[in-house]
Amino acid sequence: MTDIVATARAEAARLGHDYIGSEHLFLALLESGDPSLGTILTSFNLDPAVVRERVERRAPKGRGAQLAEGDAALRSGAKRALDASRSDGNLLHALLRDAKGPAATTLQDLGVPVEKVRAALQSAAPARPAEVPSRPARPQRTREKAGRKEPPPREPSHPTPPRLPRVKESLFNWRNVLLLAVPASIVLQYLHAPAWVLFVVSCLAVLPLAGYMGEATEHLAARSGPAIGGLLNATFGNAAELIIAIAALRLGLVDLVKASITGSILGNLLLILGLSLIAGGFSRPILRFNRTAVGMSAGMLSLAVTGMVFPAVIHALHPMEGLVLAELRLSEAVSIVLILTYLCSLWFSLRTHKRLLSGEPHPMVGPQWGVWTAIIVLGVATAGVAVESEILVHATQHITKEYSFISETFLGLIIIPIIGNAAEHATAVVVARKGQIDLALQIAQGSSTQVALLIAPVLVFLGLVLVPADAGQYMDLVFGPLQVVAVFLATLLSAIITLDGESHWFEGVQLLALYAMIAIAVYFI
């Protein structure tokens, strides 16, 4: 225990504090590699560096004052934790007893069920001497009579780590129930059901399939390490929407694909980011997050807006049929630049500046899937999304023809992006409600960046092969004026709200208000 206090004193001095509090004791446990804390971090896939950064962010700003000598520097919370730990030798358990202390609140915000962990630590702790009933001493056995002494019991070198509870998932959750929509949509298509029925059922079928794709990707990323894991998330994060866009390109629905690209960016920057700020801001007056990561995302989105502006400006200034191929070649060149920039951003965030931009991991509660299980689930879900995308796009064609009040642009800009990214959107709101606002921002802004710098350029090159020759148009980056202005305003407003590194729930309302106005404007086109 003396070593822990000495380490806590060093942590307090490093942070410029003139006291030793519970946060310094918790940092000392992280530094010393406490086995109980290590088991918890491993079970919930938490990086100790991320936990340390969260604790230091919660701590008050140091003033560089001199620490008092001896126990005079200990605050009351630290004294209580040290006194309580002397009975069972488990300082972590003593720190977690304070539900509002830095240890409990930090782990709770990162998705750890602190109450269950505390109960597990309590059951693993040895009983206090006062609680052990006295028993009469038994006479020693005959080994001593024979001149042989029983060897003393071997004491463990460290306390036995607690066994954390597993969370069992019910078979009748919303995702498994919605899976029934997959065979239902196939049957309805075979029976030539009305277009709006097919559209609704296929949308419901995409939701659980996209959820399983995201979960399988998370399990693969957890086993493959952060670098490959980031690449997997970048590849499969918007896979459902990419598959829907490919199905639309095969039918020559270029305007629908362009609208879905714009709608995905708007949905992430305004709808999901706004809901995340509201969900996290109701329980906390001020939400703080990594300004460096937010600034990088804002810069990349501004670059993507520039890539949309140049082809649109050339098309507006020279609206001639002879320039169609020139606009396509311009879009291809801009796409190459955007893809290279995105690859550089992956190298920057996952390799060279990983520590600077490290956010919070998404803790995985419960048993982890095996590699082959995750690959099989990912493959089956991807195939299912491909089938449902064909049904959805065909239904969209008939809906826009039968119902004149619903335009192809409105479906592509508002409805389809919400369906394709529903599982990822729900995750962002849930983690924001738990206080993991950095992770929510990473999901919302990261997905927008992927769409703008990777998905859209890739679709330009896929359009060269997939778009039918009789479609009369090419898949390029010439977006309509309303779409360019909408993405520009969304990027500008989200940057103004997030670049200072803190926010609150009312700024989330402002983002939702802009999204609602854009949706209304698109509906009346």
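**Exercise 1.** Determine whether H24 is buried or exposed, and state what H24 touches.

Solution. Step 1: the relative accessibility of H24 is 0%, so H24 counts as buried (under 20% relative accessible area, with exposed over 50% and partly exposed in between; 1.4 Å probe, protein chains only). Step 2: H24 belongs to helix α2 (residues 22-32); helices (H or I, at least four residues) and strands (E, at least two) are DSSP runs numbered from the N terminus. Step 3: leaving aside residues up to four places away in sequence, H24 touches A8, E11, A12, L15, H17 and Y19, where contact means heavy atoms within 4.5 Å.

The model is predicted: local features need pLDDT of at least 70 and side-chain atom pairs count only at pLDDT 80 or more, while totals for chains, interfaces and linings use all residues. Residues are numbered from 1 along each chain as its sequence is written, and side-chain values use heavy atoms, with hydrogens and water left out.

**Exercise 2.** Explain why helix α7 (residues 102-109) is described as largely enclosed by the rest of the structure.

Solution. Step 1: the buried residues of α7 are P102, A103, A104, T105, T106, L107 and D109. Step 2: these are 7 of the 8 residues of α7, so the helix is largely enclosed. Step 3: just after α7, G111 has a positive phi of about 90°.

**Exercise 3.** Where does H192 lie, and what is its phi?

Solution. Step 1: H192 is placed in the loop between α10 (181-190) and α11 (195-224). Step 2: its phi is positive, about 55°, although H192 is not a glycine. Step 3: with a relative accessible area of 70%, H192 is exposed.

**Exercise 4.** Describe how α15 (residues 291-317) packs against α16 (residues 324-352).

Solution. Step 1: the helices pack at an angle of about 175°, with axes 10 Å apart; axes are lines fitted to C-alpha atoms over the stretch in contact, and angles run from 0 to 180 degrees between N-to-C directions. Step 2: α15 is therefore roughly antiparallel to α16 (over 145 degrees; under 35 is roughly parallel, 65 to 115 roughly perpendicular, the rest oblique). Step 3: the contact includes M296, M300 and L303 of α15 and L330, V334 and L338 of α16. Step 4: by class, the contact has 12 nonpolar, 6 polar and 1 charged residues; Ala, Val, Leu, Ile, Met, Phe, Trp, Tyr, Cys and Pro count as nonpolar, Asp, Glu, Lys and Arg as charged, and the others, Gly among them, as polar.

**Exercise 5.** Which residues touch the most other members of the largest nonpolar core?

Solution. Step 1: a nonpolar core is a set of buried Ala, Val, Leu, Ile, Met, Phe, Trp, Tyr and Cys residues joined through side-chain atoms within 4.5 Å. Step 2: among the 82 residues of the largest core, V257, I261, L266, L270, L459 and M475 touch the most other members. Step 3: helix α21 (residues 437-466) supplies the largest share, 14 residues.

**Exercise 6.** Classify the pair formed by F282 and W505.

Solution. Step 1: rings of Phe, Tyr and Trp (its six-membered ring) pair if their centres lie within 6.5 Å; planes under 30 degrees apart are stacked, over 60 edge-to-face and the rest tilted. Step 2: the structure holds 4 aromatic pairs. Step 3: the F282 and W505 ring centres are 5.6 Å apart with planes at 35°, so the pair is tilted. Step 4: F282 is in the loop between α14 (254-281) and β1 (287-288) and W505 in α23 (residues 505-523), so the pair ties together parts 223 residues apart in sequence.
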